[in-house]
Amino acid sequence: QVQLVESGGGLVQPGGSLRLSCAASGSIFSIYVMGWYRQTPGKQRELVATVISDGRTSYAGSVKGRFTISTDNAKNTVYLQMNSLKPEDTAVYYCNAVLSVSDRTPRSYWGQGTQVTVSS
């Protein structure tokens, strides 16, 4: 019923930029938190950045100052602008949203993931 569709991944050289997008669709009543996580083989999924419905943001220390999370509330979309990319940013990036539908119970939803590869 609820879908998160990501786009914007790809291959970029070190120092380059990418912008990820994630659009939430379905019978959404309210979105409480949207965020981005990433995962590399053999490692746990880690938080990259989140944005709460009041606009407050938080970032992992490793991306602070280089990545910016933002939302377009009218489109139920979250973005991740990634600048000064490093090889260690290479990972599958997943969108997450905590939202409610008609029953107004907050639940966590995940996108399918998009690959980001930083390499020369």
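Mentor: Start with pairing: two strands pair if DSSP finds at least two bridges between them. Strands themselves are DSSP runs (E, at least two residues), numbered from the N terminus. This is a predicted model, where local features need pLDDT of at least 70, side-chain atom pairs count only at pLDDT 80 or more, and totals for chains, interfaces and linings use all residues. Residues are numbered from 1 along each chain as its sequence is written, and side-chain values use heavy atoms, with hydrogens and water left out.

Trainee: In what sense do E4 and E5 pair?

Mentor: Antiparallel, over 6 bridges, between strand E4 (residues 30-39) and strand E5 (residues 46-52). Methionine 34 has valine 51 in E5 as its bridge partner. This hairpin has 6 residues between the strands, and glycine 42 takes a positive phi near 80 degrees.

Trainee: How many disulfides does the structure hold?

Mentor: A disulfide is a pair of cysteine sulfur atoms within 2.5 Å. The structure holds 1. Cysteine 22 is joined to cysteine 95, S to S 2.1 Å. Cysteine 22 sits in strand E3 (residues 18-25) and cysteine 95 in strand E9 (residues 91-100), so the pair ties together parts that are 73 residues apart in sequence.

Trainee: Why is the disulfide of cysteine 22 and cysteine 95 left-handed?

Mentor: Because the torsion about its S-S bond is about -80 degrees. Both cysteine 22 and cysteine 95 are buried. Buried means under 20% relative accessible area, exposed over 50%, partly exposed in between (1.4 Å probe, protein chains only).

Trainee: Which residues are linked in a network of salt bridges?

Mentor: Side chains of opposite charge can pair when their charged atoms come close. The rule for a salt bridge: a side-chain nitrogen of Lys or Arg within 4 Å of a carboxyl oxygen of Asp or Glu. The count comes to 5. Arg38, Glu46, Arg66 and Asp89 form the network. Glutamate 46 bridges to arginine 38 at 2.6 Å between the closest N and O atoms. Glutamate 46 is partly exposed at 37%, whereas arginine 38 is buried at 7%. Aspartate 89 also meets arginine 38 (3.0 Å, N to O). Aspartate 89 lies in the loop between strand E8 (77-82) and E9, and arginine 38 in strand E4, so this pair ties together parts 51 residues apart in sequence.

Terms used: Helices (H or I, at least four residues) and strands (E, at least two) are DSSP runs, numbered from the N terminus.
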